[in-house]
Amino acid sequence: MKRIAATLLTAVAASILLFLLFELSPRSVAIATLGPFATPEQQTLWLQAHGYMQPPQVRYCRWLGHFLIGDFGQSRAFAAPVSSVLWPRLGHSLILVACFFAITLPVALPLGIAAGLREGSAVDRIVSAIAVATSALPPFASAVLLSALLVTRLHLVPGTSIMTEGWDWRQVVLPVLVLVLSDVGYLARITRTSMAEIMATPYIRAAILKGMSPARILFRHALRNAMITPFTIIMLQVNWAIGGVVVVEAFYSFHGIGTLLLQAALRKDLPLLEAATFVLVMIAGITQMLADIGYAFLNPRIRLS
Amino acid sequence: MTPRTAANPLLRIESLNVAYRRDGDAVPVLFDVSLSLRQGEALGIVGESGSGKSTLAMAVMRHLGRAGRITGGRIFFDGVDMASLSARELRRLYGARIGMVHQDAGLALNPSMTIGAQLTEVARAHLGSTRAEASDLARTHLRSVHLPDVDRIMGAYPFQLSGGQQQRVVIAMALVADPSLLLLDEPTSGLDATTATGIVALIRTLAAERGMAMLAISHDLHLMARLCDRVAVMYAGQVVEENRADAILARPGHPYTRGLLECLPPTSGAGRQILLPVPGQAPSPGDRPAGCAFGPRCGLFTPDPCGAGAISLHLSASGGLVRCPKAGGTADASPVRGLRPPGPEIGAAPVLLRVEALGKQYADRTGRRMVTANEGISFTVRRGRMTAIVGESGSGKSTLARIVCGLETATEGRLLLEGVDIADLLAERRTVAQRAAVQMVFQNTEMSLNPAWTIRRQIMRTLRAAGRPDDMGAEHRYAQLMDAVRLPLEAGERRAGELSGGQRQRAAIARALAASPRILVADEPVSALDVSVQAAVVELLMSLSRERDMTLVVISHDLPLMRSIADDLVVLYRGRLVEAGPAGTLLSAPVHPYTRALVAAADRPATSAQTVPDKGCLFAPHCPDRMEVCSLRAPPERVLGQDHRVACHLPDNHALGAFGEGRACHGHP
């Protein structure tokens with residue numbers, strides 16, 4: 001309950017900040033909309049017509065009211081309601097993120113656990129070497145490499161993800177692969193370190209010397225404690241993967257929310273920029289809330305005190 | 001179970017050799033260790049860090065990690081060669097036939113599992129119990145270690161229990177499957193003296209009831225002698241002496257054993273004796289000298305026979321085994337300890353620091369509740385008189401020290417340094433003179449010394465900060481300081497991590513001395529050090545105090561040590577002053593029941609964190625002389641004599657009764 005309240009408070013604070021950032025000097029809004037050649041009189045007329053001459057708190061309330069019922073206003077760049085542009089883009093991004101995690105987690109976590117379970121073993125060294133190599137490769141480079149291999153050489157998948165003919169799963173493969181490649185090693189390494197640390201604790205030694213089976217030691221004694229750090233990292237990555245992978249989206253012309261944000265910023269499309277940012281802030285707030293809840297589940301000390 | 005005879009011991013270790021792989025080399029850590037343990041017998045292994053005692057315990061369990069390897073010898077448990085067992089067979093032994101009590105119980109319990117889950121899994125894995133049977137069994141064993149409110153404890157997580165309760169849980173966990181051998185690794189480390197006494201008595205009783213054999217390891221010779229029938233002393237990977245517990249205390253055969261006993265303060269009030277340090281430090285594994293490993297630290301050493309070759313164990317005069325060619329000859333002379341000169345008389349010593357009704361409250365983690373760390377503490381520190389602040393963990397003694405040094409501020413009361421109130425001044429807001437006047441030495445030098453800087457650089461920095469910026473004599477004074485703490489100049493060019501524990505604490509003392517303090521506050525200055533090194537650091541502090549007219553304030557949980565060095569004692573309990581006064585008075589005629597318990601180190605139930613009353617005297621639930629008023633009102637503080645204060649409801653005539661009792665307790669003439 002407290003966490004939900006905290007999330008809501010964050011949302012309100014973020015909305016005020018956004019409002020201040022974008023709309024506190026109305027004249028710049030007018031200039032952005034009417035272009036640099038509009039006369040001051042024209043700007044004033046436009047401002048009056050759009051209600052900008054009212055006091056800021058009134059405008060904030062109206063703006064927020066519209067936001068809450070999903071009315072984000074009109075996008076200039078797309079000449080359409082913001083919501084009709086934003087929601088499909090967000091949907092695309094969410095699918096991308098879902099595919100990304102659906103591959104990364106089942107690969108990275110078991111590899112990290114296997115490596116951390118026996119620190120210094122052959123498995124550990126192989127996983128660590130692969131992890132370092134893949135996470136050293138920046139996404140734009142791996143995008144080029146993967147395209148060269150899978151598109152130009154093997155003709156397995158299309159080289160762009162523009163999806164003019166509607167949704168096409170084959171076009172999702174490359175952006176997802178690039179994301180997976182850039183992250184799977186990093187996550188595996190985090191998991192490995194956390195796991196190795198737990199396996200060296202006195203309470204794991206105590207469990208071994210109590211005669212517990214290796215499976216019980218792993219699943220009952222070690223895993224929950226070892227997952228705390230990777231879990232935190234994963235929750236942080238949800239945000240990054242939804243809104244922060246502009247390079248990957250741009251490379252494949254994937255229509256996600258990252259490129260949308262970029263376009264809106266470049267074209268000074270304020271309503272779209274505000275809406276997209278607000279949605280991303282909300283997503284960040286929600287993942288943080290989920291992270292806190294999950295963290296409390298993993299760590300009884302947080303839950304009970 | 002088949003009955004065993006002396007010829008068929010439960011555990012037999014035959015010429016065991018263990019080596020650890022380090023940087024590709026095999027570093028031997030155990031040499032030719034042979035020991036045996038009969039059914040129902042208790043054997044204690046005593047040694048300092050690096051002696052190989054933990055390796056021995058882990059070798060018995062065949063759990064040496066990836067780097068450790070048994071390079072020779074054999075271990076038989078119940079007639080079976082441990083080396084012949086598969087991993088599966090070992091698992092059937094662990095927890096079932098061999099139970100283990102781990103050191104630092106708080107760390108040996110899984111933080112994310114309930115106590116109940118950690119106990120029942122033993123019964124389910126080894127006894128094939130159903131869930132309900134396992135739960136009943138767990139409860140039975142929790143009761144057998146005298147834990148109250150077993151239902152609550154079953155559902156609790158480790159962090160919800162006190163240290164003493166955690167240790168009892170770990171003992172109960174080792175007993176669940178009714179093992180025939182109990183392996184105890186520093187079973188009382190991290191516990192207060194009074195709690196430790198209770199745990200030792202409990203373990204002895206439980207072992208006797210079950211006819212269980214015990215193999216215990218510890219650095220504490222006296223503890224092992226109380227817990228075990230026989231004691232083996234280890235030094236640098238070898239057993240140097242083995243004998244009956246009483247014989248080893250009364251007539252130690254090996255110079256090292258004798259050194260260990262002489263460097264400890266006497267356990268009862270036998271006066272303020274000067275401790276006799278064992279010079280030097282134990283060799284690190286791989287650096288053993290040829291011949292007798294203790295040779296370089298031994299006063300009896302002669303090149304022949306001590307340095308000539310391997311020394312073998314032989315029968316000692318007191319009926320045990322000893323690895324010393326000189327034992328039995330001149331070596332059996334009893335130690336001569338000088339008496340420590342007392343500090344100046346109270347009347348002749350001016351007040352340096354006066355603490356008046358000092359209190360400290362801070363918000364807890366959630367920020368909603370206020371926690372009282374200190375409340376209404378008053379006492380005086382007089383110039384030249386060593387003041388010891390004693391109390392169990394959680395008594396607020398470290399908070400008090402931090403306020404005195406300006407690392408924290410008090411929230412109420414006054415702290416007068418030569419008449420000037422500095423209670424709410426952090427160190428950085430004090431004047432240079434005030435800051436220099438009070439310096440601190442911390443318990444853990446690994447944390448308090450900068451690991452990236454050389455010792456020299458840290459001391460020079462303090463010298464410059466406390467002195468004149470263009471002080472040309474800094475180099476000279478640095479050399480003097482290093483000499484004063486008996487550190488060679490070349491040690492100053494090293495970083496903290498390259499020094500031994502004792503050397504690091506000397507460096508930390510030198511750094512504190514660089515400001516020429518008039519008061520040196522030392523928070524548990526020797527508790528992280530090996531026993532044989534402790535005495536040297538204690539005696540160093542005492543002589544520095546005399547030579548430099550520097551008054552010592554030592555914070556410690558170690559009352560036996562404090563009683564052999566302190567002029568004045570301040571006893572704290574849960575943040576409140578219990579009793580303060582001249583050490584002689586407090587030790588011979590303690591007035592407060594808590595002081596009496598502490599002085600007698602009487603066995604009493606662990607004071608658990610859950611039973612703190614919200615009003616009245618905080619000690620009341622554990623007090624043998626509790627009255628009705630004690631749980632209603634906080635006890636008033638009364639002044640009984642010069643500098644002697646006590647916070648207790650008991651009338652003065654009871655104090656007189658306590659006087660007689662106190663005398664009887666530890667046999668003063």
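This is a predicted model: local features need pLDDT of at least 70, side-chain atom pairs count only at pLDDT 80 or more; totals for chains, interfaces and linings use all residues.
Me: Which helices do the buried residues of α6(A) pack against?

Reply: They pack against α5 (82–117) and α8 (173–199) of chain A.

Me: Which residues of α6(A) are buried, and which exposed ones sit on the face turned away from them?

Reply: Buried means under 20% relative accessible area, exposed over 50%, and partly exposed in between, with a 1.4 Å probe and protein chains only. An α-helix has 3.6 residues a turn, so residues three or four places apart point the same way. In α6(A) the buried residues are A:Asp124, A:Val127, A:Ala131 and A:Thr134. They cover an arc of only 110 degrees around the axis, which puts them on the same side of α6(A), the arc being that of the directions from the helix axis to the C-beta atoms. The face turned away from that buried side carries the exposed residues A:Arg125, A:Ile126 and A:Ala136.

Me: How is chain A divided into domains, and what area do these bury between them?

Reply: Domain bounds come from an automatic or database domain assignment, which here gives domain 1 (2–69) and domain 2 (83–304) of chain A. Their centres, taken over C-alpha atoms, are separated by 35 Å. Buried area is the accessible area (1.4 Å probe) that two parts lose on being put together, summed over both; for these two domains of chain A it is about 1,300 Å², with 81% of it on carbon and sulfur atoms. In domain 1 of chain A, the residues losing the most area to domain 2 are A:Arg3, A:Phe22 and A:Phe67, together 42% of what that side buries.

Me: How many residues does each chain bring to the contact between chain B and chain A?

Reply: Chain B brings 29 residues and chain A 26, and the two chains bury about 2,500 Å² between them, 58% of it on carbon and sulfur atoms.

Terms used: Residues are numbered from 1 along each chain as its sequence is written. Chains are lettered from A and ligands numbered from 1 in the order in which they are written. Side-chain values use heavy atoms; hydrogens and water are left out. Helices (H or I, at least four residues) and strands (E, at least two) are DSSP runs, numbered from the N terminus. Contact means heavy atoms within 4.5 Å.
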